[in-house]
Amino acid sequence: MNDDIFQGYKGRALETLQKFNARVWAKVKVDTTRGVFEGTILPRAENTDDKHIVMKFFTGYNIGVDIDTITGMEELGYKKAVYKIPEKEFPYSKEKPNVKLLGTGGTIASRLDYRTGAVIPAFSPGELYGAVPELADICNLTTEKLFGVFSENMGPEQYKKLAIAIGEEIEKGTDGIIIGHGTDTMHYTSAALTFMVQNSPIPIVIVGSQRSSDRPSSDAALNLMHAATAAGHGDIAETMVCMFGPTSDEYGFLHRGTRVRKMHSSYRSTFRTIGDTPLATVTREGVFPIKQDYKRRRTDRNVTILPYFEEKVGMIYYYTNMQPDMIDSMVDNGYKGIIIIGTGLGHVNKPLYPAIVRAAEKGVAVYMTVQTLWGYVHMFVYDTGRDLMAKGVVPAENMLPEVAYIKLGWALGQTTDLAKVKEMMLTPINDEITSREPYNGYLIYQGGVPEVEEFIRKFHK
Amino acid sequence: MKQHRFDPRRNYAETQAAIGYVPRKDATQQDYDRIGFMSGLEVHQQLDTSEKLFCRCPAGIYQKPEEFDAELIRHMRPTLSELGEYDGTALMEFKTRKEIVYRISNRTACTYDVDDTPPFPLNQEALDIALAISLLSNLKIVGEVHITRKQYLDGSIPTGFQRTAIIGVEGEIQLKKKKVRLIQLSLEEDSCREVSDIGHQRIYRTDRLGMPLIETVTYPDFKNPDEVKEGADYIRFLNRSTGKVRTGIGSTRADVNVSCRGGTRVEIKGVAHNRWMPELTHNESFRQYALLHIRELLKERIRDPKAWKGVAKEIRGSDLPVTIPVIAEMAGRGYPLFLINLPEFHGILSHFLQPEKTFADELTNRLKVIACIEKPNMLHSEMFEDVVGEENWKKIRQLLGAGEGDAQVIVWGPEADIPTALETVEERCRMVFEGVPNETRKSFEDGTTIFERVLPGADRMYPDTDSAPIPLADEKLDAMSKGLPVDISDRIAQLLNWNIPEDAFTYLLKNNLVPLIERIEKELGIPAKSTATLLAHKLKEIENQYDKLPGFTYEKIYQLLAFLRSKKIDPALARKMLWVVYQHPKMDLDSVLEAVGYKPISPEEIIGKIPFLVKKFRETRISDDDTDGVNWIMGNLRKSALGNISLKELSERIEQYPQTP
């Protein structure tokens, strides 16, 4: 294998480089039918075409040269770029709390990956200190990379490994834990860890960034500082998500792991607590609780680790005219639990009834949540709801669909006794079901209303 | 050491003479060759598209500073470049710890603009315009457009970088006497407009942000200030010849790079008018030459520049010279006061750098920008107007243990900014040993500049991982080449050929009016020269007096001339009607005719009045001169003649009569 010197090039582009004996990172003069181009050959991203060669022009800009126009190439020199975040030893101070950062992937600090053209994370304490020196003012940081997966590839295997690693850290006496995580499925992980790590004496803070740290305006550094503050100094010993409050660089929210959800595909302030208020705000100055009923930090090291998960659990998003075979196929494929995300108060259409009955008869646990995200399942209000309950569907109160999915997997991982599963499902561990919905748990103000506009103008977005 | 009292003003004049500074009006090519003048341009031109470059917000709608729907805050952090380096400016901007506030109007900015949404595909309309201009600039068009992130940590772009892409490299333009080589042309998004920059807070509005812009970069081929302007004009004319670029205030801005021999490339940012360029480049080249002179002076005095150090000391209590009003005021604000001794810097602080500007100005401006301390932020021992007084200086020198050959600075500011302030003063002084620092400078109308930022290097480039490369196939370029406008150098030849006065060239080319003149000649049979002067003289005169209304376009001129032709009215009447058309672009042309008092009279009727008037003149004449007679009769007939008979013909008719018996 000699492909390293033609990094990322394939097909005809690769042939062209080979033909003219020009390597990646070589400074070259390229004769083309459009004129002469001079520059340094860069690696090419894997999922792009094989018709162009990428070069860095001397001004720093990148350009592509069409291989069909190339008549000659000449190497003038060679200089491989070494991309490295400056690494400095992370300072240790006796007075500061010891915080452990567990890495899962994600983009807290990152560098460019030429293979994909995307960014890959930098991670060691030294690298992080080089990139975010302010961290040393907050805590003593050590890191451990558990795995390097993108958020969408996180799953039960990773949840379990994380839970076990957290248990070990707590035993070792760590003052707080940060989990670096891609943001897409952060709320799945926060729910999983809430169930798998119970009665933790220290904060467990999941953090990520919506803008990769290779951008000057990234939220990564500030999120990390907030997370370090919450983990090292905060009094809330729960599994939390720590992400931007507003889109401005002002403060972060600490969201309870079971009530949080990613609500915008790209905003910095994408994570919101649903059906309740966030636990607290956090700045570099400290944690400022909004809720008073939280689990407080303790000095003991008692924690219960329950790393169980039944993978044959799925979710089904109801849509109008859904056919029963959607449910049948899950049952036929051996699913042991199904979360239905129903309309309104928790409804599906009548044609699904036989399929639901069949699922119940086969011992599949079926739970109902709502597409509206806010509010409770109320299956007594309409006949449909009552019918469904009679057929074995259990209303999951105001549990968020993703949380219900994680909890059902976790419960079924421990027992197949559906009565026990039901008891576990409906007994909240940390507010995945709340007994009441406060009036300020649902605030989606609409733009355009004068008083809303006035509010938006007055406070930083 | 000289015994007579040191006079900073005299030192300024002496050092100005020592470097051989000449005012621009007296400067010759020999002067510029002597100091090794060198300059290049980066000309920015907004493109006239309906939407922004990477999102679907409307382009070209502006908001007032106080008009916004929401504000948000960002801080910029330096990141690594693709080649693994931190950029110098990036680090400086980080040092300044600025809080950046963006004022967003819902009408003009979306979540993309404030970096809460990834980019949408590149605006195709903008790409096509950039391509056409690249072809006109004889640039080699890239095979694939790669969108690159160019870091800007000043906050002028909320992402912290500008998305920019090269369309072509290595081209040239033909000026009167020489060819100027072009490095590249890029298509990029415009930045925010600054509202204010005070202390640690800078406020921007996001209306202009994201509008498509091209940047044409030349090699440093200009050898004197006038060439710089000629080059800038040429590029502007070329851009405008496409008819697809924006015009008006702020739509064309150039960064001018200048150096002298032994100096460094310094970038004068955002020069809004080409006519400012000669004075700015002249002064900058001499500023650099003066800095090199300072280096020579210090070399003689200081053996080991590496060991040179400023000595800072805080003063408090009874040592505070509170009799000085500015110091009393700053002490009143609770600001700490620091004295700095600059060993061997006597005569340097008042050394000439630019007209009425000395080396001390470099310090005060860096204190403002880097340490974020508003002016006045320092006093020094070589001020033209010494407000400190010799007694106080004596005391200060004692406190610092300063020698005769030293200079002193007093700085103050919020406590948190003091370390940066002290470092900034020392750092700038140290830079003198190197020569001319790499920096960008802000320009003023008087031709002087001040420090703005450290000049960023190529290290701030990073591929945009959010957008895919765009291939540019040969077929597309071939098709586009066929529809290109005429070269500017050919247009100039054409104007010369038409005998159009040279003072009209700039106006006609700047506004891309040659195609219109051509069309009017071809379709309406009006000679090019006549239309050219109607535009470059008459219309320009009107424009100088009245603001342009939205309804007025150059197409109105065509309509006006076509209207006169259809009414068989002499086109000379257009000169009069233009005043009305310009101020009331929506008025129909028949009404304009009425408004100028036009009444159709046959040429015969007008000519028929001549004998009567000749008789009248003879009766009342006070002059025996025939010309007076013609003029008098013309004066009487002009009003009714205008539009009905050409004045030239009328005048010839009058001349056929003997005016005096």
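Helices here are DSSP runs of H or I of at least four residues, strands are runs of E of at least two, and both are numbered from the N terminus. This is a predicted model, where local features need pLDDT of at least 70, side-chain atom pairs count only at pLDDT 80 or more, and totals for chains, interfaces and linings use all residues. Residues are numbered from 1 along each chain as its sequence is written, with chains lettered from A and ligands numbered from 1 in the order in which they are written.

First, the end of a helix. Just after α14(B), B:Gly525 takes a positive phi of about 70°. The helix itself covers residues 514-524 of chain B, and its buried residues are B:Val514, B:Ile517 and B:Ile520. Buried means 20 or more other C-beta atoms within 10 Å of the residue's own, exposed means 12 or fewer, and partly exposed is in between, with C-beta atoms placed from the backbone. Down the axis of α14(B), the buried residues fall within an arc of 125°, so they line one face; the arc is taken over directions from the helix axis to the C-beta atoms. The face turned away carries the exposed B:Arg519, B:Lys522 and B:Glu523.

Next, the chains. 47 residues of chain A are in contact with 47 of chain B, contact being C-beta atoms, placed from the backbone, within 7 Å. β4(A) gives the most to chain A's side, with 5 residues. β4(A) is also joined by 2 bridges to β5 of chain B (residues 144-145), running antiparallel; pairing requires at least two DSSP bridges. There, A:Gly64 stands opposite B:Glu144.

Key
Two residues are in contact if their C-beta atoms, placed from the backbone, lie within 7 Å.
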